[in-house]
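The exercises below are meant to be worked with the sequence and the coordinates side by side. Try each task before reading its solution.

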Amino acid sequence: MIILGIETSCDETAASVVVDGKKILSSIVASQDDVHHPFGGVVPELASRKHIQVIVPVVNEAIRKSGIDIKQLNAIAVTRGPGLIGALLVGFCFAKAYAFALDIPWIGVNHLEGHINSVFLESSPPPFPFTALLVSGGHTNIYHVLTHTEYRLMGQTRDDAAGEAFDKVAKMLGLGYPGGQIIDRLSKEGDPEKIAFPRSYLDKTGFDFSFSGIKTAVSRYIQTHQDEYKQQIQDIAAGFQASVIDVLSYKIIYAAKKNGCSHIALAGGVAANNGLRERVRKDAFKQGITVHIPSVHLCGDNAAMIAAAGYYYLVDGKVSKMDLDVFSRVKR
Ligand code: KG4
Ligand code: ZN
């Protein structure tokens, strides 16, 4: 089954052609980093406008690179939420119209399910059930994953998402947007023990997170070290990153043990973080747990993961109706 995936939930316009939820024939991601960089964060209205400008060339490029003819497409999968409403609507309306014109089924996909299914695009995916840590700019969630489309939320952030904390700390340090990648790089040159930031475990037997305290601690450090902090950027980055990683690694391994799972998956933009990848692998190994992390290009927002999740809906015979709408947040 050949599926065209489309993703426009935030600041990436992406399209991808995937066979049987597994084999990526093409994956195009047009980043809007340049548009949002001067503002230190995503400006929703600018994101929608940029999606409108590039959605047609991005889809055409994905089709061209895949080497297929559009008549070979069996279905279209598109992100319906959570995300920025204006941004989502661009991909969503495009996908509906394209599917209608081609007279093929279409599937509205939950963006978070897309991230979870990104591990199945790799050569050694986890067996079910497994425990997943989804760490992105908007979410820090732990799931007990039962099938491709069934999962139980075990814990989530009570304030900032991990990626959001990376972005905000980078902004405070004047490093630009998006901050995760920059902090990741600078951390390698710093000493994580030189400046100690707090670890927020909340309840050590629970799976919720809180990252606003670490963010505030960095802000306070900057305020109280106005004269010297610019010479300490690498150590601040390393200290901040270490405090986030300590908590993420502890909780995902504890959750897997609680679930009796010997397989963990990491997904989402922050799963691209080198320190996190290394640390979870190391900690999990000691516990006899296998870790599955997608390649870096599949951690951040992309449309291959949307096509993959859509495939499993289609296998279950689930297709979307034309009156389906987008949504901005997951209802609790
Ligand atoms: O999954 P994603 O592309 O979009 C959302 O669904 O939110 O995640 C974007 C987030 C941003 O906050 C970005 O700073 C963070 O992922 N990120 C990283 C790294 N690369 C991207 N955070 C830490 N280390 C990285 N290497
Ligand atoms: Zn995402």
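**Exercise 1: a helix and its surroundings**

In this predicted model, list the buried residues of helix H3 and find the elements against which they pack.

Solution. The residues of H3 that count as buried are Ala87, Leu88, Val90, Gly91, Phe92, Phe94, Ala95, Lys96, Tyr98 and Ala99. An α-helix has 3.6 residues a turn, so residues three or four places apart point the same way. The next step is to look for partners, and the buried residues of H3 pack against strand E1 (2–7), helix H2 (44–66), strand E4 (75–81) and strand E5 (106–110). As a check on geometry, the 18 residues of H3 (residues 85–102) should span 26 Å at 1.5 Å a residue, and the end C-alpha atoms are 25 Å apart, which agrees.

**Exercise 2: the zinc site**

Identify the protein donors of the zinc ion (ligand 2), then judge the arrangement of the donor atoms around the ion.

Solution. The protein donors are His111 (NE2), His115 (NE2) and Asp301 (OD), which lie 2.0 to 2.1 Å from the zinc ion. Along the chain, the donors follow the spacing H-x3-H-x185-D. Histidine 115 lies in helix H4 (residues 111–117) and aspartate 301 in the loop between helix H10 (296–299) and helix H11 (304–315), so this pair ties together parts that are 186 residues apart in sequence. Both histidine 115 and aspartate 301 are buried.

**Exercise 3: cis peptide bonds**

Solution. Proline 129 is placed in the loop between H4 and strand E6 (130–135), and the bond to it from phenylalanine 128 is cis, with omega near -10°. Proline 178 is found in the loop between helix H5 (162–172) and helix H6 (179–187); a cis bond joins it to tyrosine 177, with omega about -5°.

Definitions and conventions: Residues are numbered from 1 along each chain as its sequence is written. Chains are lettered from A and ligands numbered from 1 in the order in which they are written. This is a predicted model: local features need pLDDT of at least 70, side-chain atom pairs count only at pLDDT 80 or more; totals for chains, interfaces and linings use all residues. Side-chain values use heavy atoms; hydrogens and water are left out. Helices (H or I, at least four residues) and strands (E, at least two) are DSSP runs, numbered from the N terminus. The expected span of a helix is 1.5 Å times one less than its number of residues. Buried means under 20% relative accessible area, exposed over 50%, partly exposed in between (1.4 Å probe, protein chains only). Contact means heavy atoms within 4.5 Å. Donors are N, O and S atoms within 2.8 Å of the metal (3.2 Å for Na, K and Ca); water is not among the atoms, so sites may look incomplete. Four donors count as tetrahedral if all angles lie between 85 and 135 degrees; four count as square planar and six as octahedral if opposite donors are over 155 degrees apart and all others between 65 and 115; anything else is irregular.
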